[in-house]
Amino acid sequence: MKAIVTGATGVVGRYLLQHLVERGGWDVVAVSRRKPDIAGRYEHLAVDLLDPEDCRRKLAAHHDATHVFYSAFLQDADPVRHVARNTAMLVNLIEAVESAAPALTHVNLVEGTKWYGSHLGPFRTPAKEVHPRHAGTNFYFDQQDWLEARQRGKAWNWSVVRPHAVCGFSVGSPMNLALALAVYGTLCRELKLPFSHPGPAANCHALYQLTDSTLLAKAMVWMATEPRCANQAFNITNGDLIRWENLWPRLAQFFGIEPGPQRHFSLKAELGGKAEAWNDIVHRHGLQPHRFEDVAAWAFADFVFGSTWDIVSDTGKARRFGFCEAVDSEAMLLALLDGFRRQRVIP
Ligand SMILES: NC(=O)c1ccc[n+]([C@@H]2O[C@H](COP(=O)([O-])OP(=O)(O)OC[C@H]3O[C@@H](n4cnc5c(N)ncnc54)[C@H](OP(=O)(O)O)[C@@H]3O)[C@@H](O)[C@H]2O)c1
């Protein structure tokens with residue numbers, strides 16, 4: 001089997017790349033403009049997915065590709081362009097792979113709980129795959145509709161994974177909650193700021209869910225290779241639920257500080273200007289020289305801590321189809337933070 005992994009430097013794709021390389025049995029081609037920092041045997045193709053000609057040219061040699069894992073993502077402040085560009089990237093890639101690889105077997109696409117409208121307000125929970133998509137626009141809809149139409153009558157099939165709040169390490173991701181928490185806790189400790197839960201009290205108490213990047217990678221490979229998953233969508237989260245009010249004291253303990261009083265404020269507004277303070281911390285502690293804006297996705301953290309409703313997916317379908325792995329979310333977050341410390345991302 002030969003996998004084309006797009007988004008290979010992202011918080012989803014980076015772990016998929018690592019999982020495939022470590023697991024063996026796969027030839028792997030990593031597609032991203034930047035070079036992934038993952039060790040092991042794979043080929044990296046620096047492709048701009050927005051450029052159809054670049055896709056065609058660089059993927060032409062991969063006539064033996066069998067699987068595509070699509071986890072590329074591009075943030076665009078303009079909502080219409082956001083949908084258009086994310087859809088175009090998928091189209092450019094699939095058209096290029098299809099014309100190069102006659103043995104293409106499967107395309108796996110990453111969507112998310114936003115499919116059900118989790119970002120818009122209270123929605124029907126636990127969200128099941130059979131529930132309708134939310135009203136309005138979402139690039140997931142355009143991507144999935146295009147993929148389904150394209151697949152009709154073809155020898156390959158597709159699967160779709162819908163995770164929520166994917167937690168792992170990546171540089172420059174606009175949606176990386178674990179890393180934003182790591183930088184927030186570090187700034188609070190170093191600058192002696194209160195480590196307050198930054199959302200409304202209802203956010204502190206609401207049910208929430210997280211997805212470990214490695215668990216997600218395993219689920220994606222499973223659904224791309226399990227025949228029963230052909231042309232199916234699956235919610236994938238850690239399988240448990242959290243409330244920030246339970247987790248917050250444990251996070252404070254990790255940073256060696258007291259939890260501050262819950263206070264609703266914008267992390268982006270209050271901490272977005274702390275690049276100099278961050279650079280000083282990096283220098284004093286001999287940390288990896290990541291740019292502040294590359295490790296602190298404040299807008300996403302504000303979004304996560306801004307909701308006042310339960311965000312819960314039903315993951316029973318994946319279990320019924322045979323994927324039974326689960327992760328303890330609290331242990332996962334603490335292990336990730338510990339990993340960031342060992343990798344000298346935070347002190
Ligand atoms: N992060 C989450 O919490 C979360 C939760 C639920 C669902 N999702 C979904 O998961 C998918 C992946 O998101 P993510 O968070 O992993 O994104 P990410 O961390 O921002 O990664 C995006 C990836 O896309 C690549 N990319 C962007 N523009 C490109 C271009 N023009 N050409 C080639 N590669 C390009 C980037 O690589 P280069 O910059 O190196 O090119 C990077 O590897 C998205 O559909 C997202 O909605 C994410």
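Colleague: How many Å separate the centres of domain 1 and domain 2?
Modeller: In this predicted model, the centres of domain 1 and domain 2 are 25 Å apart, taken over C-alpha atoms.

Colleague: And which residues make up each domain?
Modeller: Domain 1 covers 2-165 + 213-235, while domain 2 covers 168-209 + 241-342.

Colleague: How many residues does each domain put into the contact?
Modeller: Domain 1 puts in 28 residues and domain 2 puts in 23 residues.

Colleague: Which elements give two or more residues on the domain 1 side?
Modeller: They are α1 (13-23), α7 (213-225) and β9 (232-235). The most comes from α7, with five residues. Sorted by class, that side of domain 1 has 11 nonpolar, 10 polar and seven charged residues.

Colleague: Let's stay with the helices. At what angle do α1 and α7 pack?
Modeller: The angle is about 65°, and the axes of α1 and α7 are 8 Å apart. The crossing of α1 and α7 is right-handed.

Colleague: Which residues meet there?
Modeller: From α1 you have Tyr15, Leu16, His19 and Leu20. They meet Ser213, Thr214, Leu216, Ala217, Lys218, Met220 and Val221 of α7. By class, this contact of α1 with α7 has seven nonpolar, three polar and one charged.

Colleague: New topic, the ligand! Where does it lie relative to the two domains?
Modeller: Domain 1 and domain 2 both give residues to the shell around the ligand, so the ligand lies between them.

Colleague: How many residues surround the ligand, and which are the closest?
Modeller: The ligand has 29 residues around it, and the closest are Gly10, Arg33, Arg34, Gly112 and Ser173. The shell divides into 16 nonpolar, 10 polar and three charged residues.

Colleague: Now the backbone. Which residues does the cis peptide bond join?
Modeller: Threonine 125 and proline 126, with omega about -15°. You'll find proline 126 in the loop between β5 (106-110) and α4 (139-151).

Colleague: What about lysine 192, what is its phi?
Modeller: Lysine 192 has a positive phi of about 55°, although it is not a glycine. Its place is the loop between α5 (177-191) and α6 (201-205).

Colleague: Why does lysine 192 count as exposed?
Modeller: Because lysine 192 has 8 C-beta neighbours inside 10 Å, and 12 or fewer counts as exposed.

Colleague: And where is asparagine 231?
Modeller: Asparagine 231 sits in the loop between α7 and β9. Its phi is positive too, about 60°. With 13 other C-beta atoms within 10 Å, asparagine 231 is partly exposed.

Definitions and conventions:
Residues numbered from 1 in each chain as written. Predicted model: local features only at pLDDT ≥ 70, side-chain atom pairs only at ≥ 80, totals over all residues. Domains from an automatic or database assignment. Contact = placed C-beta atoms within 7 Å. Helix = DSSP H or I, 4+ residues; strand = E, 2+ residues; numbered from the N terminus. Nonpolar A, V, L, I, M, F, W, Y, C, P; charged D, E, K, R; others polar. Near = placed C-beta within 6 Å. Axes fitted to C-alpha atoms, helices over the stretch in contact; angles between N-to-C directions. Left-handed = near helix turned anticlockwise from the far one by under 90°. Buried ≥ 20, exposed ≤ 12 C-beta atoms within 10 Å, placed from the backbone.
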